[in-house]
Amino acid sequence: MKVLLAGGAGYIGSHTAVEMLQAGHEVVIVDNYYNSSPEAVRRVEKITGKKIALYEADATDKAAMREIFTKEKIDAVVHFAGMKAVGESVAKPLMYYRNNLDTTLTLLEVMKETGCTKFIFSSSATVYGDPDSLPLYENAPKKACSNPYGWTKWMIEQILMDAAAADPELSVVLLRYFNPIGAHESGLIGEDPKGIPNNLMPFIAQVAVGRRDHLNVFGNDYPTPDGTCIRDYIHVVDLAKGHVCAAKYAESHKGCEIVNLGTGKGSSVLDMIEAFERVNGVKVPYEITGRRPGDIAVNYANADKAKELFGWTAEKTLDDMCRDTWKWQSQNPNGYAE
Ligand code: UFG
């Protein structure tokens, strides 16, 4: 298959590019480098020894998308071209709604025009909101989100369900990611957040490498064994492989499927610090501070559906995630910047 990765130069996109190429697919990447770097694509080519057709373009630019779809004859689209910083989305909601919804609508319209029928969407466990029961199954109710970023995922899922219901040719897979962390085992690609990291793992890694002096742990008074929040951390390479499976599934199925990508296991913030220090022999100084608004105490997936539909399960351990994050961060202390 020839697969277009919209936003394919970013963290999850670049890892998915590696796995798609290694599974024998051709990869086309469209990215505007808002939160990503062309250097990531060069490194994917280095890891795989394969070429990628790379376009610097905005996925909201319909004329540019039309040209790329027509020229490249795309079979399937994986849509990662979204903004994802929770705090920024609260400050700039219109930018988030405009970009995240518009990229989706533009890609869908151009797919329709050019006869491309397979669409894999980068969704998030954030659409489950504060869960009534755990683990989270795909049929758990979608709940109110605490920020515009989350609402964009929520709304795009609805748009895609409606589009699939109206078009019997369309095949859509909504992948609900839990907490992707880690990096490719080569240490050549990894997560390179702009500015101060919002998420736990890149923050831990930047403290360990000396870019920041300590981690703030947001609250230790949650109803969990050690008082800190619990999440289902999943290795980004396992997550990337989930996209290869989803694209294969979309080849022979129509309609819309929702699939969790998680491990089914929860770890607390303190578990993550302990594992990172132990596996890598480094120190991660931290301080307990107040809760971060909008955080939920616990979430983790039931990942049985991915196994049933795709034959996929997460294989890598928390120790692998910590080791690979550190390899990437210590080899690239400033990310992709020189
Ligand atoms: N945390 C800290 N200190 C930090 C950063 C995070 O203590 O500096 C804690 C948070 O309070 C939370 C845990 O680490 O308890 C994980 O936080 P992340 O920001 O890494 O991840 P979230 O679970 O908040 O959010 C992630 C993705 C979102 C997605 C959500 C879905 O980043 O995109 O999962 O559940 F929407």
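The model is predicted, so local features need pLDDT of at least 70 and side-chain atom pairs count only at pLDDT 80 or more, while totals for chains, interfaces and linings use all residues. Residues are numbered from 1 along each chain as its sequence is written, and side-chain values use heavy atoms, with hydrogens and water left out.

**Ligand site**

- Around the ligand there are 19 residues, where near means that a heavy atom of the residue lies within 4 Å.
- Asn 199, Leu 200, Asn 216, Arg 231 and Asp 295 come nearest.
- The shell divides into 9 nonpolar, 7 polar and 3 charged residues; Ala, Val, Leu, Ile, Met, Phe, Trp, Tyr, Cys and Pro count as nonpolar, Asp, Glu, Lys and Arg as charged, and the others, Gly among them, as polar.
- Strand S8 (residues 215-218) gives the most to this shell, with 4 residues; strands (E, at least two residues) and helices (H or I, at least four) are DSSP runs, numbered from the N terminus.
- A backbone N or O atom of Asn 216 lies 2.7 Å from a nitrogen atom of the ligand, and a backbone N or O atom of Asn 198 lies 3.5 Å from a ligand oxygen atom.
- A polar side-chain atom of Asp 295 lies 2.5 Å from an oxygen atom of the ligand.
- The ligand taken alone exposes 680 Å², and the protein buries 89% of that (Shrake-Rupley method, 1.4 Å probe).

**Helix H9**

- H9 (residues 269-280) has 12 residues and reaches 17 Å from its first C-alpha to its last, close to the expected 16 Å (1.5 Å times one less than the number of residues).
- Val 269, Met 272, Ile 273, Ala 275, Phe 276 and Asn 280 of H9 are buried, that is, under 20% relative accessible area, with exposed meaning over 50% and partly exposed in between (1.4 Å probe, protein chains only).
- These residues cover an arc of only 165° around the axis, which puts them on the same side of H9; the arc is taken from the directions from the helix axis to the C-beta atoms.
- Just after H9, Gly 281 takes a positive phi of about 60°.

- Most residues other than glycine have a negative phi, and most peptide bonds are trans.
- Tyr 33, not a glycine, has a positive phi of about 60° and is buried, with a relative accessible area of 17%.
- Lys 73 has a positive phi near 50° and is exposed, with a relative accessible area of 62%.
- The peptide bond from Leu 134 to Pro 135 is cis, with omega near 0°.

How values were computed
Polar contact = N/O pair within 3.5 Å; in protein donor to acceptor, adjacent residues only side chain to side chain.
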